[in-house]
Amino acid sequence: MKLGSLRAGGRDGTLVVVSKDLKRAVKVPKISATMQDALDRWATVEADLAAVYLKLNAGEIVDAFALDHTALAAPLPRAYQWCDGSAYLSHAELVRQARNAEMPQSLYSDPMVYQGAGDTLIGPREDIVLADEAWGIDLEGEIAVITDDVPMGTSADEALKHIKLITILNDVSLRLLMPNELAKSFGFFQSKPSTAFAPVFSTPDELGDAWDGRKLSLPLISHVNDEWLGQPNAGVDLDFDFPTLIAHITKSRSLSAGTIIGSGTVSNRDRSVGSSCLQERRMIEKIETGEFRTPFLKFGDKVRIDMVDKVGHSIFGPIEQTVVKYERSASL
């Protein structure tokens with residue numbers, strides 16, 4: 001089953017069931033008006049939504065309409081909890097190698113997670129709007145899972161049943177603002193603007209054997225200005241799988257339905273498969289040549305992130321964004 005949200009309908013959007021080929025959709029107000037409401041009542045509404053999905057794919061729903069991806073918000077436009085990890089330590093290893101710094105051994109046993117800003121998650125065709133190119137604008141292709149209510153103290157094995165939906169995202173990062181924030185030892189804030197999400201969330205059964213309950217084993221494909229950046233496999237070199245991240249996060253708190261948990265930048269130690277962010281490419285250049293050659297994103301640059309199944313069909317729909325200069329309205 002695939003679910004999305006139209007921007008129309010207020011800040012929380014309007015829930016739609018989306019066809020497997022991502023071309024058609026139908027509103028389901030009698031089942032649930034919004035994605036958050038559906039997640040709050042998942043045990044009650046899942047079967048009804050799945051029945052609509054089957055009929056939609058069979059062409060049996062008269063109210064279905066052609067889906068315009070530019071009309072989509074993030075599937076969950078506002079999340080009560082958006083947590084992002086750093087589950088691929090090959091990414092951290094590369095950054096530290098370029099700085100001639102050693103990896104702390106604790107990182108191999110204790111996941112890194114920060115709380116992102118869940119109030120303004122953006123859709124798959126919405127622009128990356130920022131005020132200054134000098135901030136070091138970068139894309140970050142990631143995988144994410146969405147949970148139902150998860151109790152405090154949940155183990156990794158128990159966490160398996162709480163993963164209800166899966167998607168991909170672009171966790172935009174401002175690399176040149178990060179050093180000052182990290183130096184304060186108090187986490188990211190200014191360096192992490194709004195995160196963009198693929199057109200749909202998908203239930204795990206849609207992924208077949210690519211999803212084993214813990215990780216998604218397919219390449220994540222990224223392009224910048226139509227130039228290939230990379231396609232690392234999200235199931236390879238994953239040091240902390242999603243149930244492990246959930247167990248880590250719930251050590252001292254419970255999670256509300258609709259919590260989004262990101263994997264961090266998808267990264268493989270086989271560098272021939274490329275990267276999911278410009279920072280990695282720059283670090284490889286620094287190690288190999290002694291200097292950075294690839295620039296960060298500029299105004300007008302275009303980003304595309306996608307994941308396809310084994311026959312080449314997009315699973316979640318591509319994220320396609322343009323970097324645009326922010327101009328504050330005189331009325332604000």
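Buried means under 20% relative accessible area, exposed over 50%, and partly exposed anything in between, using a 1.4 Å probe and protein chains only. These legends describe a predicted model, in which local features need pLDDT of at least 70 and side-chain atom pairs count only at pLDDT 80 or more, while totals for chains, interfaces and linings use all residues. Residues are numbered from 1 along each chain as its sequence is written, and side-chain values use heavy atoms, leaving out hydrogens and water.

**View 1. Tyr53 in helix H2.** Tyr53 is found in H2, residues 42-57; helices (H or I, at least four residues) and strands (E, at least two) are DSSP runs numbered from the N terminus. Is Tyr53 buried or exposed? With a relative accessible area of 6%, Tyr53 is buried. Beyond residues up to four places away in sequence, Tyr53 touches Met1, Lys2, Val17, Val18, Ser19, Lys20 and Glu206, where contact means heavy atoms within 4.5 Å.

**View 2. Glu280 in helix H7.** Look along H7, residues 278-289, to find Glu280. Glu280 is buried, at a relative accessible area of 0%. Its side chain meets that of Ser275 in a polar contact of 3.1 Å. Setting aside neighbours within four places in sequence, Glu280 is in contact with His91, Leu94, Ser267, Arg271 and Ser275.

**View 3. The largest nonpolar core.** A nonpolar core is a set of buried Ala, Val, Leu, Ile, Met, Phe, Trp, Tyr and Cys residues joined through side-chain atoms within 4.5 Å. The largest one has 59 residues, and those with the most contacts inside it include Ile143, Trp211 and Phe316. Among the elements giving two or more residues to this core are strand E9 (141-147), strand E10 (163-170) and helix H6 (242-249). H6 provides the largest share, four residues. A second, separate core of 30 residues includes Met35, Leu39, Leu56 and Ala64.

Technical notes: A polar contact is a pair of N or O atoms within 3.5 Å; within protein, one must be able to donate a hydrogen and the other to accept it, and residues adjacent in sequence count only if both atoms are side-chain atoms.
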